[in-house]
Amino acid sequence: EAAARELKGAASERIHKLIVAYMEQFPPQENSIEAALQLAERAQQEDRAQNLQGALDLYVEVLDRLSSIIKQADLSADVVKSIRETMVSYLTRAERIRSEHGLVPFVRPPAASRSSAALPAPS
C-alpha cells in the first residue's frame, strides 16, 4: 500500500509539472484558438500514451479556453458552431476518462488569479 501511494505521488508530481509547463507555454490570458488547439493536441498525445490524468486535465483546460473564446471573441456563427462541435468531442472524451477510470480533473485557481505559480500542488 505504501508503494502504491508513493507511485501515485510520483505520478501526481509528474502530471503537475506537465500542467505547469503548459500553463507557462500557453498562459491562460493567451486565449487564442491556436493555443487551445495546441493544448488539445497535447491532450490527445497524453491520452494515447495512457497518461489519462494529464489528458483529462488538458482536455478540461482546452474546454475552458474554447468556452472563453466563444464568449469573448467576435466570431461568425459557423466558427462558433465548429468550436462547439469540437468542444463536444473533448467533453465526451474527458467524461469517459473520468467515469471509466475514476479520475478527477486537477483543480485550478479562478480565472482572474490564474498563473503557473498559483497552481496548487496535487494532493
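## Helices α3 and α4

Helices α3 and α4 are roughly antiparallel to each other, because angles over 145 degrees count as such. In this predicted model, α3 spans residues 52–72, and its axis lies 9 Å from that of α4 at an angle of about 150°. The crossing in which α3 passes α4 is left-handed.

On the α3 side, the contact is made by L52, A55, L56, Y59, V62, L63, L66, S67, I69 and I70. Their partners in α4 are V80, I83, R84, T86, M87, Y90, L91, R93, A94, I97 and H101. Sorted by class, the contact of α3 with α4 has 16 nonpolar residues, together with three polar and two charged ones.

## Helices α2 and α4

Helix α2 covers residues 33–48 and helix α4 covers residues 77–101. Their axes come within 13 Å and cross at roughly 30°. Angles under 35 degrees count as roughly parallel, and α2 and α4 are therefore roughly parallel to each other. The crossing of α2 past α4 is left-handed.

From α2, the residues I33, A40, Q44 and D47 take part, and they meet I83, Y90, R93 and I97 in α4. The contact of α2 with α4 has five nonpolar residues, one polar residue and two charged residues.

## Residues of α4 in both contacts

I83, Y90, R93 and I97 of α4 meet residues of α2, and I83, Y90, R93 and I97 are also among the α4 residues in the contact with α3.

Conventions. Residues numbered from 1 in each chain as written. Predicted model: local features only at pLDDT ≥ 70, side-chain atom pairs only at ≥ 80, totals over all residues. Heavy atoms only, no water. Axes fitted to C-alpha atoms, helices over the stretch in contact; angles between N-to-C directions. Helix = DSSP H or I, 4+ residues; strand = E, 2+ residues; numbered from the N terminus. Parallel < 35°, antiparallel > 145°, perpendicular 65-115°, else oblique. Left-handed = near helix turned anticlockwise from the far one by under 90°. Contact = heavy atoms within 4.5 Å. Nonpolar A, V, L, I, M, F, W, Y, C, P; charged D, E, K, R; others polar.
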